[in-house]
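Biologist: I would like to learn how to read the packing in a protein model. Could you take me through one?

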Amino acid sequence: MTKPKDPLGPPDYRLLFEAAPGPYLILTPDLVIAAVNEAYLRATMTRREEIVGRGLFDVFPDNPDDPAATGVRNLRVSLDRVRERRAPDTMAVQKYDIRRPESAGGGFEERFWSPTNVPVFDAHKQLVYIIHHVEDVTEFVRLKRLETERDKLTDELRSRAEKMEAEVYLRAQEVAEAGRQLEQANAELESFSYSVSHDLRAPLRAINGFTQALLEDYGSTLPPDGQSLLARVRENTKRMGQLIDDLLVFSRLGRKSLEMAPVHLGSLAQAIVQEQRQADPGRGVDVVIGSLPTAMGDAALLRQALSNLVDNAFKFTRRTARAHVEIGSRAAGGETVYYVRDNGAGFDMKYAKKLFGVFQRLHLEADFEGTGVGLALVQRIVHRHGGRVWAEAQVDQGATFYFTLGSHPA
């Protein structure tokens, strides 16, 4: 029986080879490129006429800029195995960079391949060709690399976060303990100040009483120097009493809870200035009260702070020919800054850090009376309202005291 003739004829294997979707290269046993399909040319950015008939490793050398390149060596080992064992050899994924054409900028481009080398024999079992087939897995490798780097970064961040969490917890414990100790120390200090202040009152009253009795009963028999000494004793006991009163106020301030409410600072300023004028009606002080917005705070404490600042302004302008005091406010950095300005004695700014310390004075008591507690009280009141206080001055040119009232009172 006659076999029917195939109407299509024998297949065109060259056409099939050229149309194969995967990159294929055909090598002679001595590793010369015999044929190449379009997919391989596209993958390697080469042209047929430039590579056919040339040695494989002449066309595709290692990247000279990569001292760790192993593409040529590994591929040569695989091809040697194919020739020796006369069997296909599948390689692991290889980093084998390819050379860019000059039109694409030259140099080498990083590539990763999955190669397979298959021997082809003739009818006499002689090796005539080696089919070199590759799959470009560069994007896959890059994605895996990114995934690995991401996982590594995630692990590092997780580890750092855990360490930070542990450190934060430890620091929180330390801060809590320090806060507890500070609270206890403050309570003990306030209790001590309160007790000492009260205990000092009795002997002061005794000294004052005895000196008063001595002056009344024996004053006429004392010489003028003796009377002067007794007067100094009484004056110092009076000053000591004022120091004790100020210390008591300062110690109580830490325990007093704030009674927050709207406070009209303009009305407070007017009342305080009126009290100053009544206390010393013979003085002519030019006072300007500017805009003072209503603030949230403890009215009694804010009155005390503003009163201390105004009292200082009146006191330190006592020797100024035309005393001037200004009370006002201005907007700065999204907050209201209140100020009390005078043209009095002022001070040297290099001593500004001492201003708000308890019992710190920048002027002689013989020149300006005071206990050195007033500004410390101002600072504590302002800090309790979540604000800050500072001063600017020049010697004999006056001083300006500024303060803010924050939105988070303590």
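Biologist: What does the secondary structure of the protein chain come to?

Modeller: This is a predicted model, and its protein chain has 10 helices and 15 strands. Of the 410 residues, 34% count as buried. Among contacts with a separation of 6 or more, 60% link residues 24 or more positions apart.

Biologist: How are two packed helices described?

Modeller: The description uses the angle between their axes and the distance between the axes. Take helix 8 (residues 265-279) and helix 9 (residues 299-315): their axes are 10 Å apart, at an angle of about 45°. Angles under 35 degrees would count as roughly parallel and 65 to 115 as roughly perpendicular, so helix 8 and helix 9 are oblique to each other. Their crossing is right-handed.

Biologist: Which residues make the contact of helix 8 and helix 9?

Modeller: From helix 8 they include Leu265, Leu268, Ala269, Ile272 and Gln276. Helix 9 brings, among others, Leu302, Leu306, Val310 and Phe314. By class, the contact has 11 nonpolar, two polar and three charged residues.

Biologist: Which residues touch the most other members in the largest nonpolar core?

Modeller: Those are Leu306, Ile327 and Phe401, in a core of 39 residues. Helix 8, helix 9, helix 10 (374-384) and strand 12 (324-332) are among the elements that each supply at least two residues of this core. Helix 9 gives the largest share, eight residues. Another core, of 24 residues, lies apart from this one, and Leu27, Leu56, Ile98 and Ile130 are among its residues.

Biologist: What is Leu306 in contact with, leaving aside its neighbours within four places in sequence?

Modeller: Leu265, Leu268, Ala269 and Ile272, together with Ile327, Val340 and Phe403.

Biologist: Which residues of helix 10 are buried?

Modeller: Leu375, Ala376, Leu377, Val378, Ile381, Val382 and Arg384. Just after helix 10, Gly386 takes a positive phi of about 75°.

Technical notes: Residues numbered from 1 in each chain as written. Predicted model: local features only at pLDDT ≥ 70, side-chain atom pairs only at ≥ 80, totals over all residues. Heavy atoms only, no water. Axes fitted to C-alpha atoms, helices over the stretch in contact; angles between N-to-C directions. Helix = DSSP H or I, 4+ residues; strand = E, 2+ residues; numbered from the N terminus. Parallel < 35°, antiparallel > 145°, perpendicular 65-115°, else oblique. Left-handed = near helix turned anticlockwise from the far one by under 90°. Contact = heavy atoms within 4.5 Å. Nonpolar A, V, L, I, M, F, W, Y, C, P; charged D, E, K, R; others polar. Core = buried A, V, L, I, M, F, W, Y, C linked by side-chain atoms within 4.5 Å. Buried < 20%, exposed > 50% of the residue type's maximum accessible area, 1.4 Å probe, protein only.
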